[in-house]
Amino acid sequence: MTLLTAEHEAIRDAVREFAETEIEPIAREYDDPGAVQFPREVFQEAAELDFLAPHYPEEYGGAGMDFLGSVIVHEEFNRADPGIGTAVLTGKFGTEMILEYGDEWQKSEFVRPVLEGEAVCGTSISEPDAGSDVAGMRTTAEKDGDEWVLNGSKTWASNSPVAEFMVVMAKTTPDAGHNGISAFIVPTETDGFEVERDIEKMGLRASPTAEINISNARVPEDHLVGEVDRGFAQLMEFFNENRILVAANALGAAAGAFRHAYEYAQEREAFDQKISDFQGLQWKLADMKTDIETARSTTYRAAGEVMAENDPRHLASIAKYYASEICEDVCSEAIQIHGGYGYTREFPPEKFYRDARVQKIVEGTSEIQKNIIYDSIDEANR
Ligand SMILES: Cc1cc2nc3c(=O)[nH]c(=O)nc-3n(C[C@H](O)[C@H](O)[C@H](O)COP(=O)(O)OP(=O)(O)OC[C@H]3O[C@@H](n4cnc5c(N)ncnc54)[C@H](O)[C@@H]3O)c2cc1C
């Protein structure tokens, strides 16, 4: 039985066509180490077609589809190119928490413009000395009259050099660990909010990532998202869903690398035959395909938990962990099938490998996912 309805099949066809015509041809333009840039035009076109987050309600710029609709978009964008695919869809990173915990004013002022392609955002959690250990963050927010005053240093802030606003996580009760963190919308033009340094990365160069210095940055009190000191819980809630979308990014990248490897194997000849005639290569491709379909099943099943309004935590971590791990393996095998050409910038697999490698690190590393998977084994899923 397939989970996919005719509506899902239709969105897949439309997204695939868009990704193959608008994303794939420009992939290399955005891969220059010296010119990290965000593909804003593709972002705007994707917004016009309701591809940024089809599962968001229509009143905030979504398409009112189910969550699987968004999973399919993430998969197809990354299948065309994991650099631009992930970058474009990360342009909405920050709207998730506002949509779930923000008030009506915040949703129309900040979520809607992003979904309409007029603004880009990001979420800034990580700090130089606190990544996996979110509660170890040191950035603070103190109330002063009807404003919040933020101070601290952030790193790995995706989109911060190009974003209109960031959702910044800061300690509001510094001694309370996880229970002392809150979320704030910080427009990037706010005095005291400075992008300090672009970080040069091995891939994903269509997605600018930077260090931020926050020094007495003031935001009005209505820029607090959700409740004071509940930011960590809010973050974990939306991470459960977002990890399924990261799984879809990885799954899509694996499927794209596989497509290139399969097609190359039908053309390349060695020892007077197509290399696809060697059983060794057929088995390699069969293993890659098995990994991809298994990741797809797990990812869709996790999406099904979201749609059934069940707690997706356990399956979301399994999907994210599995898809990102097999993605690296599949991309590596795609390089291998291309032989020496696979190690060059003239063929796509090396770019797929570099761009998609990040999926094992972001939104909780593979090791953190395994901690979550172990911790969420209970009587029902044992
Ligand atoms: C390209 C890119 C984009 C990013 N974008 C963003 C963004 O937009 N916003 C943002 O806030 N952050 C972002 N990040 C940061 C990312 O979320 C962190 O890198 C990640 O959470 C890991 O944190 P860390 O780098 O500090 O590694 P550390 O936490 O220092 O981990 C180092 C190693 O120790 C392991 N480890 C740590 N704790 C445990 C444990 N309890 N059990 C087992 N192993 C453990 C880790 O798995 C890892 O292998 C981005 C990172 C990258 C590379």
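1. Basis. This is a predicted model: local features need pLDDT of at least 70, side-chain atom pairs count only at pLDDT 80 or more, and totals for chains, interfaces and linings use all residues. Residues are numbered from 1 along each chain as its sequence is written, and side-chain values use heavy atoms, without hydrogens or water.

2. Domains. The chain splits into domain 1 (6-115), domain 2 (121-228) and domain 3 (232-375). The bounds come from an automatic or database domain assignment. The C-alpha centres of domains 1 and 2 are 23 Å apart. Their contact (heavy atoms within 4.5 Å) takes 28 residues from domain 1 and 23 residues from domain 2.

3. Interface of domain 1 and domain 2. About 2,100 Å² is buried here, 66% of it from carbon and sulfur atoms. Buried area is the accessible area (1.4 Å probe) that two parts lose on being put together, summed over both. Two salt bridges cross the interface. A salt bridge needs a side-chain nitrogen of Lys or Arg within 4 Å of a carboxyl oxygen of Asp or Glu.

4. Salt bridges overall. The count comes to 29. Glu76 pairs with Arg16, with closest N and O atoms 2.8 Å apart. Glu76 lies in helix H3 (residues 67-80) and Arg16 in helix H1 (residues 6-23), so the pair ties together parts 60 residues apart in sequence. Helices are DSSP runs (H or I, at least four residues) and strands likewise (E, at least two), numbered from the N terminus. Glu76 is buried at 2% relative accessibility; Arg16 is partly exposed at 30%. Buried means under 20% relative accessible area, exposed over 50%, partly exposed in between (1.4 Å probe, protein chains only). Both residues belong to a salt-bridge network that also includes Arg12, Glu75, Lys289, Glu293 and Arg296.

5. Glu24 bridges to Arg259 at 3.3 Å between the closest N and O atoms. Glu24 sits in the loop between H1 and helix H2 (40-48), Arg259 in helix H7 (residues 231-267), 235 residues apart. Glu24 is partly exposed at 25%, while Arg259 is buried at 15%.

6. A local pair. Arg354 and Glu350 meet at 2.8 Å, N to O. They are four residues apart in helix H10 (residues 349-356), so about one helical turn separates them. Arg354 is buried at 13%, and Glu350 is buried at 12%.

7. Gly192. This residue is in the loop between strand S5 (181-187) and strand S6 (193-198). Gly192 counts as buried, at 19% relative accessibility. Beyond four places in sequence, Gly192 touches Asn213, Ile214, Ser215 and Ala217.
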